[in-house]
Amino acid sequence: MAVHHLLRRGISGGSPFHPLRGLLLVSQASSAAAGDAVAELRGAREDVKQLLKEKSCHPILVRLGWHDAGTYDKNISEWPKCGGANGSLRFEIELKHAANAGLVNALKLIQAIKDKYACVTYADLFQLASATAVEEAGGPKIPMIYGRVDVSAPEQCPPEGRLPAAGPPSPAEHLREVFYRMGLNDKEIVALSGAHTLGRSRPERSGWGKPETKYTKNGPGAPGGQSWTSQWLKFDNSYFKHVKERRDEDLLVLPTDAVLFEDPSFKIYAEKYAEDQDTFFEDYAEAHAKLSNLGSKFDPPKGVSLD
């Protein structure tokens with residue numbers, strides 16, 4: 001029987017029910033529900049770790065979380081019109097956005113986990129998978145909170161065009177236009193760019209990169225594409241070192257990568273991260289956590305932590 005019915009009728013036979021006891025029951029029910037949600041999130045996290053071991057799918061899970069959150073527009077106050085980390089990327093209409101090419105494969109990878117843990121929202125699962133992938137690849141511990149509410153229908157998906165492009169005419173201007181719209185700054189732009197230490201660009205999806213290189217022709221996972229780093233399943237600061245040096249033609253440098261060492265403001269942080277991995281990890285963890293919360297509506301309002 002629902003708690004509000006107990007408050008109205010009493011526990012049995014319509015007997016009087018003291019309001020303080022009612023509040024206690026509500027509190028206990030809320031605590032139990034929160035406990036169940038945390039337990040399911042922890043279970044989902046362990047299943048994501050196992051998936052990563054089996055499929056080496058770290059890069060695409062990072063991208064999944066980023067692209068769900070990265071549609072946020074700080075200038076729109078109404079939820080979910082503002083976009084952001086709200087689970088909308090599960091809908092076909094958004095998956096078909098050009099910037100999301102290939103992400104249907106990420107959704108397929110984690111769907112069984114979503115089915116297993118009914119209390120875990122898509123919005124939470126996308127962000128949990130993204131943060132866990134970074135951590136399991138050797139990256140920093142990210143201070144995540146959970147409890148995100150999902151949008152309910154494809155009509156609530158954001159319009160296409162809010163995500164960054166790889167080769168815009170003015171890379172620095174483009175990056176600032178996109179990330180400033182989210183409420184992020186230059187340091188956060190550069191730190192988040194460092195996640196390109198993971199993964200590959202596939203020309204059949206993005207139009208960028210080689211079909212394969214000596215680093216990607218044998219996988220792991222599906223072979224092919226061009227990576228930004230030689231060990232593209234290891235999260236470290238090698239992305240910044242390579243973009244700075246550009247000594248290996250088998251490693252990718254996009255216009256939006258190169259500009260990190262060309263723009264005076266970006267360069268301050270890029271140079272620092274190339275020299276100091278600890279600083280990069282610290283700034284990246286903070287920026288990733290901030291990105292993962294953009295546009296999210298939480299229940300409970302302050303979210304819950306798993307640690």
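In the predicted model, Leu61 touches Val48, Leu51, Leu52, Ala106, Ile110, Phe126, Ala129, Ser130 and Ala133, leaving aside residues up to four places away in sequence. Leu61 also belongs to the largest nonpolar core, which comprises 73 residues; Leu61, Phe235, Phe240, Leu260 and Tyr284 have the most contacts inside this core. Helix 6, covering residues 122-136, gives the most to the core, with eight residues. Because domain 1 (34-162 + 291-305) and domain 2 (171-287) both give residues to the core, the core lies between the two domains.

A search of the whole structure finds 10 aromatic pairs. In one of these, the ring centres of Phe235 and Tyr284 are 4.9 Å apart and the ring planes meet at 55°, so the pair is tilted. Phe235 is located in the loop between strand 2 (226-227) and helix 10 (238-245), whereas Tyr284 is part of helix 13 (residues 277-293); the pair therefore ties together parts that are 49 residues apart in sequence. Both Phe235 and Tyr284 are buried. For Phe240 and Phe280, the ring centres are 5.1 Å apart and the planes stand at 75°, so this pair is edge-to-face. Distant parts of the chain are again linked, with Phe240 in helix 10 and Phe280 in helix 13, 40 residues apart. Phe240 and Phe280 are likewise buried. Through ring pairs, Phe235, Tyr239, Phe240, Tyr273, Phe280, Phe281 and Tyr284 are joined into a cluster.

Charged side chains also sit over aromatic rings. The charged end of Lys114 is placed over the ring of Tyr122, 5.0 Å from the ring centre. Arg176 lies over the face of Phe266, with a distance of 4.1 Å to the ring centre.

Arg176 is also one of the buried residues of helix 7, together with Pro171, Ala172, His174, Leu175, Val178, Phe179, Arg181 and Met182. Since nine of the 12 residues of helix 7 are buried, this helix is largely enclosed by the rest of the structure. The buried residues of helix 7 pack against helix 8 (186-193), helix 11 (255-258), helix 12 (264-275) and helix 13. At 1.5 Å a residue, the 12 residues of helix 7 (residues 171-182) should span 16 Å, and the end C-alpha atoms are 17 Å apart, which agrees. Gly183, which follows helix 7, has a positive phi, near 90°.

Note on methods
Residues numbered from 1 in each chain as written. Predicted model: local features only at pLDDT ≥ 70, side-chain atom pairs only at ≥ 80, totals over all residues. Heavy atoms only, no water. Core = buried A, V, L, I, M, F, W, Y, C linked by side-chain atoms within 4.5 Å. Buried < 20%, exposed > 50% of the residue type's maximum accessible area, 1.4 Å probe, protein only. Helix = DSSP H or I, 4+ residues; strand = E, 2+ residues; numbered from the N terminus. Domains from an automatic or database assignment. Contact = heavy atoms within 4.5 Å. Phe/Tyr/Trp six-rings, centres within 6.5 Å; stacked < 30°, edge-to-face > 60°. Lys NZ or Arg CZ within 6 Å of the ring centre and 35° of its normal. Expected span 1.5 Å × (residues − 1).
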